[in-house]
Structure formats: structure tokens, C-alpha cells
Amino acid sequence: MSIKRQLPNPKELRELLKFKKPELDSVKRRLNKALTIDDLRRIAKRRTPKAPFDYTDGSAEGEISYARARQAFEDIEFHPEILKPATEIDTSVQILGAPSALPFGIAPTGFSRMMQTEGEVAGASAAGAAGIPFTLSTLGTVSIEEVKSVNPQGRNWFQLYVMKDREMSYSLVERAASAGFDTLFFTVDTPIAGNRMRDTRNGFSIPPQLTAKTVLDAIPRPEWWINFLTTPQLEFASLANTGGTVSDLIGQVFDPTISEADLKIIRELWPGNIVVKGVQTVADAQRMVDAGVDGIVLSNHGGRQLDRAPVPFHLLPEVVSAVGQHTTIMLDTGVTNGADVVAAHALGADFVLVGRAWLYGLMAGGRAGVDKMIEIMDSEIRRTMGLLGASNVAELNPDHVTQFARLAPRNTTLSTKH
Ligand SMILES: Cc1cc2nc3c(=O)[nH]c(=O)nc-3n(C[C@H](O)[C@H](O)[C@H](O)COP(=O)(O)O)c2cc1C
């Protein structure tokens, strides 16, 4: 068969030759290449010294808890509903008495300025701009008051470690309350420190030390070190002026004697919502509801504490059926895609938190990197909801998701409690 040919039409050629203007801003150029959270992680890894990157990326012991949590999100099947017209997709939710523009928020993480110098300022301001909550850790590197000043209209949450020095802990509760933070997370999965092998192997210390190894590692990552050396010293902003060294402080943070009695005291001190973070069994979820908390976070601390801990996403349906009518259920650990957030909501979670995802964004590009993380998750959430036929978060339901079981207990009859 002969094909009819013609000379190229100059007008058509001109249309084809529309080159994109080069992006002159190097941060934007770098971030434009990121389509997924995993892409942000790769950029973060390239730009951050090995020890702080591994501190963020790693988990405890054999890192099995985290791998299983990731696997659990991969092992789902979505069931779309067809021919359900939706012109707009509403991703907003009401959470603990106020709105969030997206069905996830930023989890508390310590030492954030060590990952990238903008730290919590980048996180809180990006969260504020996107209309989602930001959670400041007790081990934050920007003060309660500064977080409020960079996110004055948005929602700020505070995460409390009840430390050996109870008075110091209570003073943080009071400061967060007077700065207008609306929710307090009481983290309960850290009676002692988890064993993070990567940190031991890297000789990781806070603040990072200049050794022969770290100097070599710094050569391809000059910007991080320039930032580190030319911006205010890294310190635990909420815990400043307490005397003692950084390692003294860390030793103070984990206290094996914390108990429900502490919960009662905090309840008295805190006027807002109280959420217990680190619930890992159905029985404990029930116990916390009986203790009168406003919410729980199903979490194993991103796999950074007890290894081979329950996978929060696996625990979710049972906890929802036991206490979903009586409390707010949040979930974290292993969320790296907007589709993970959608799956958690479909199975009954009221809200989702992201830890590493926000820090990968931060390390990849400071504030612009956190904006990019939120933008990626936002578009993944919208796309997944659109393809499922859900025009708002409330329409997501268990019929949309099947969880595949890769592992199942060999013998449940021996269990007394779970
Ligand atoms: C670098 C890092 C520091 C963290 N610091 C804290 C903390 O100070 N307090 C806390 O309650 N949880 C902390 N977490 C746990 C997170 O709040 C969250 O539970 C976890 O990161 C969720 O898992 P994901 O990283 O897979 O999203 C930290 C997590 C990371 C990665």
C-alpha cells in the first residue's frame, strides 16, 4: 500500500517545536522531577548526609515492622464503582472538631532541623498553606511559639513525651495550650528507646559530629553542611534553658514508668482534645476509650520502636468495629502514597498522619519540598477517589477495599487477650 506524503507544514512544525522555558530556580528544577514520595526520598538521600538520612529513613532492629506496614498497603485491592457522576472531588474532612482540607496531616517528628535547616518552620507553614494540621514534637527543633507564629491561622497539634521530669512535661502542656494548639498527642509506645541499628553503625550523634567519615560524606552534600554551620545551633527548642546536655535530655525523654495515671493528670491540665498515639491492640484501644480520650492513633511509631509489632493498617478494621462509634481513630506508619490514605479512610480511619513523607520533602527542598509532598499526596488522593467513584471522603467505605492476607496467626486459640 502506498502512503501519500507531503512536505512538512511549517505551521505544524512550529507547534511541535514549542520548547518549555528552562526552570531557572534550582530547587524547583529538582522538585519538578519528583512524581512520587519515593522520588522525593531519592532526592533527599542524595542531598542529606548519610547519618541524618538514615536516622529518618531507618527503623528498629531488623526493620520488619516498617517493611510489613508498607507491604500491607501494597497488598490491597480497590473496588471502583462505575457510572457515578462526580464533577468535583471534595478531599476535606472534619477532624476533632475542625476542618482539614485533606484527609491527612503531618505527624510529630523530633530533630527536624537536622534533616534540613528549615525544619518545623517549613512543615508548619506548608501545612498551614495547605489547610492541614501540623504536629510539633516534644523533641522539636523550633519552639511552640515559633510554630504558632509561622502557622497562625492553621491547626497546630502538640505531641507530648511524658518525661522523667514531670514538671518539665507539664510546662510544655501549658505552653502549647496558651499558644492555642488544639490537640495534644500523648505518645505511649516509647517506654524505652527502640534499637535503631543504622544509627549505631553510622556512629550517629545529635548534633552531628565532624569526623573523618562525616567530612568525606559531606563533600558531595555541601549545601546541607553550609546550612548546618551558618544557621542557629540545633537544639530542642521546647526544652531550651533546662541545663544539661542533649544526651542528658534524650535520657530524660523515655520513661518506663508512664501509666494511665499520667493520662489523668494531663487530662486535667489540657483544655483541648487528647489523643493517645501508639495504640497497638484492640484491647488497648478499648481501654483508652474507657479512659475517656478523644482519639487514638494506631501506630507502631513508623517501625522505630518494637520490631515485628502489629501492622496498624491490619489492626484498623477490628478497632473500628470495636470502638469506632466512640472515638476518633487515626492511623500512621508506612503511608507513602495518597492511595494509602484513601484505603485507610475506606476501612474506617478518621484521619491519617505522615512522618517520613514530610521529612523526605523537607530534605529534598525545604519548604518547597514539603509543599511538593502535599501536592503529590493531594493529587494521588483525588485521582484514587475519582477512579473509585467517591466524590467525598465520607463516601469511601469498606466495599472499596479488600486487604489480602499474606501472614495469618497459626494459632489464635492460645491467645488470652488479643
Ligand atoms: C525521624 C522521625 C522522628 C520521629 N520523632 C517522633 C517524636 O518525636 N514523637 C513521636 O510521637 N513520634 C515520632 N516519630 C514517629 C512519627 O510520629 C510517626 O508515628 C511515624 O513516622 C509514622 O510512620 P511513617 O514515617 O511511615 O509515616 C518520628 C518518626 C521519624 C521518622
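This is a predicted model: local features need pLDDT of at least 70, side-chain atom pairs count only at pLDDT 80 or more; totals for chains, interfaces and linings use all residues.
**Group meeting: the ligand site and a surface patch**

An oxygen atom of the ligand sits 2.8 Å from a polar backbone atom of Gly355. With that, the protein covers 98% of the 600 Å² of accessible area that the ligand has on its own.

Which side chains have an N or O atom 2.7 Å or 2.6 Å from a ligand oxygen? In the side chain of Thr187, an N or O atom is 2.7 Å from an oxygen atom of the ligand. For the side chain of Asp332, the distance from an N or O atom to a ligand oxygen is 2.6 Å.

Now the surroundings. There are 24 residues around the ligand, and those that come nearest are Pro108, Ser137, Thr187, Asp332 and Gly334. So Thr187 and Asp332 are on that list, since a residue is near a molecule if one of its heavy atoms lies within 4 Å of it. Sorted by class, the shell has twelve polar, eight nonpolar and four charged residues. Two helices to look for in the structure are α4 (50-57) and α18 (356-388), each of which supplies at least two residues of that shell.

Next, the surface. Leu13, Leu16, Leu17 and Phe19 make a nonpolar patch of about 500 Å² there. Where is Phe19 placed? Phe19 is in the loop between α1 (10-16) and α2 (26-32). Is Phe19 buried or exposed? Phe19 counts as exposed because its relative accessibility is 75%, and the cut-off for exposed is over 50%.

Technical notes: Residues are numbered from 1 along each chain as its sequence is written. Side-chain values use heavy atoms; hydrogens and water are left out. A polar contact is a pair of N or O atoms within 3.5 Å; within protein, one must be able to donate a hydrogen and the other to accept it, and residues adjacent in sequence count only if both atoms are side-chain atoms. Accessible areas come from the Shrake-Rupley method with a 1.4 Å probe; for residues, only the protein chains shown count as cover. Helices (H or I, at least four residues) and strands (E, at least two) are DSSP runs, numbered from the N terminus. Ala, Val, Leu, Ile, Met, Phe, Trp, Tyr, Cys and Pro count as nonpolar, Asp, Glu, Lys and Arg as charged, and the others, Gly among them, as polar. Patches are made of residues with over 30% relative accessible area and no salt bridge: like charges are joined within 9 Å, nonpolar side chains (Val, Leu, Ile, Met, Phe, Trp, Tyr) within 5 Å. A salt bridge is a side-chain nitrogen of Lys or Arg within 4 Å of a carboxyl oxygen of Asp or Glu. Buried means under 20% relative accessible area, exposed over 50%, partly exposed in between (1.4 Å probe, protein chains only).
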